[in-house]
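Open the model in your viewer and get your selection tool ready.

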Amino acid sequence: MVTVDLSGASKFFTGAGPDYAAAAHAHQVLSEGSGLGNDFIGWLGLPRRMKETELPAILEAAKTIRARSQALVVIGIGGSYLGARGAIELLKPIPGKNDPRVFFVGNGLSADALCDTIELLGDKDFDVNVISKSGTTLEPAASFRIFRELLAKKYGDKADEHIFATTDAKRGVLKSLADAHGWPSFVVPDDVGGRFSVLSAVGLLPMAVAGIDVERVINAAIEEFEALDLRSPENPAWQYAAARQNLSNKGFGIEILGCYEPSFRFMAEWWKQLYGESEGKDGKGIFPASVEFTADLHSMGQFIQQGPRTLMETIVRFDKSRNAYPFPFEEANADGLNYIAGRDMAEVCNIAADAVREAHVSGGVPNMVVRVPARNEEGFAAMVCFFELACALSGYMSGVNPFDQPGVEAYKKNMFRMLGKPGA
């Protein structure tokens, strides 16, 4: 289970500290389904629902893809790709010998990025997983048309056999296309917003193709959500949500999420969407940013240490490293590093993290630590459940609807008008 250490933030709290009464109320509202956006709280029971419904079909589709293809092209934007990419880069940063490469497209409109991906794909056998609730969002829809053309050129009248759609259960352009062409279809649940959908087929199919044990993920998520239903200040989701709201009220309006594993980069991107889209509305919200330590200590470290005191810091730390690597002894010691000879590199990294935490706290930056047992399927599932629940609680505590995103349509209206879309 994820745990939270608030000792590096405690001296910055206002009043009596985190408001656990408000967290308890938010949790009650969420569980009763009586709050704003209550049509979109299906993610709370999603792991169990997936185990009882779509998981076997997802595993079968992944088996088919892994047996015949060297690559899977995942087409989606925002919540339709960030969770899956975060999981794959965290858990499978180096594909195994028999693992297909997973490429992510449809999350932008860059011609160069598109062509680079096509070049990397080369003459590999590949399948496509297109993920869209509607099928009309410009970025993924444009990429899907292009990759359908590539499939047709490569496989002819067999092209449709290489397309898997993850979309609405009953309606929408993509669902209609899937039915017309006979593409295997998986569901984007009606009661789960995109940024909360990683434990649905949206995330699970690409993860399974990459070689991640999604059955372990789902079983661990079921257990984690049960554990996080604890109605007590000992609940780590209460601790995190209440602490960040307390710090926000004191003027710490920017939260930077950091980790000492480079493979965490896209998990941080997933977290940024989750919190930014859920909380940033009605003139409220904590701005989510991310850093990669220790690398960013040599670029952003100065700003964090001595810049405006508007930052709070949350560090994700994995209790167990996957690998051991003792630092070598060198007789000449020309670099002067024999003082760490014999120490494991994971230990050196942990000491660096402790030193950074101490420096940042002394420099006026509240520091919260989210501890994850291991960088594996269970750790990933626990982290997703923890951050999702804490996000919902934090949103309700700040007085916003954590499950809508009315502001994201503004740029689309302008873009469609400028592109000359009929009726725009």
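The tour visits a pocket and then a pair of helices. This is a predicted model, in which local features need pLDDT of at least 70, side-chain atom pairs count only at pLDDT 80 or more, and totals for chains, interfaces and linings use all residues. Residues are numbered from 1 along each chain as its sequence is written, and side-chain values use heavy atoms, with hydrogens and water left out.

**Stop one: the largest pocket**

Select Lys133, Thr137, Gly194, Gln405 and Lys412, which lie nearest the centre of the largest pocket among its 31 lining residues. The space here is about 730 Å³. (On a 1 Å grid over the protein atoms alone, a pocket is an open set of points where a 1.4 Å probe fits, with protein on both sides within 12 Å along at least five of seven lines; lining residues have an atom within 4 Å of a point. Volume is the space filled by probe spheres set on the points, which are joined across faces, edges and corners.)

Next, colour α6 (138–155), α11 (265–279) and α15 (409–419), each of which gives the lining at least two residues. (Helices are DSSP runs of H or I, at least four residues, numbered from the N terminus.) The largest share, three residues, comes from α15.

**Stop two: α10 and α14**

Now select α10 (residues 236–249) and α14 (residues 377–398): their axes, lines fitted to C-alpha atoms over the stretch in contact, come within 8 Å and cross at roughly 40 degrees. Show side chains where the two meet (heavy atoms within 4.5 Å): Trp238 and Tyr240 are among those in α10, and Phe386 and Phe387 among those in α14.

Definitions and conventions: Axes fitted to C-alpha atoms, helices over the stretch in contact; angles between N-to-C directions.
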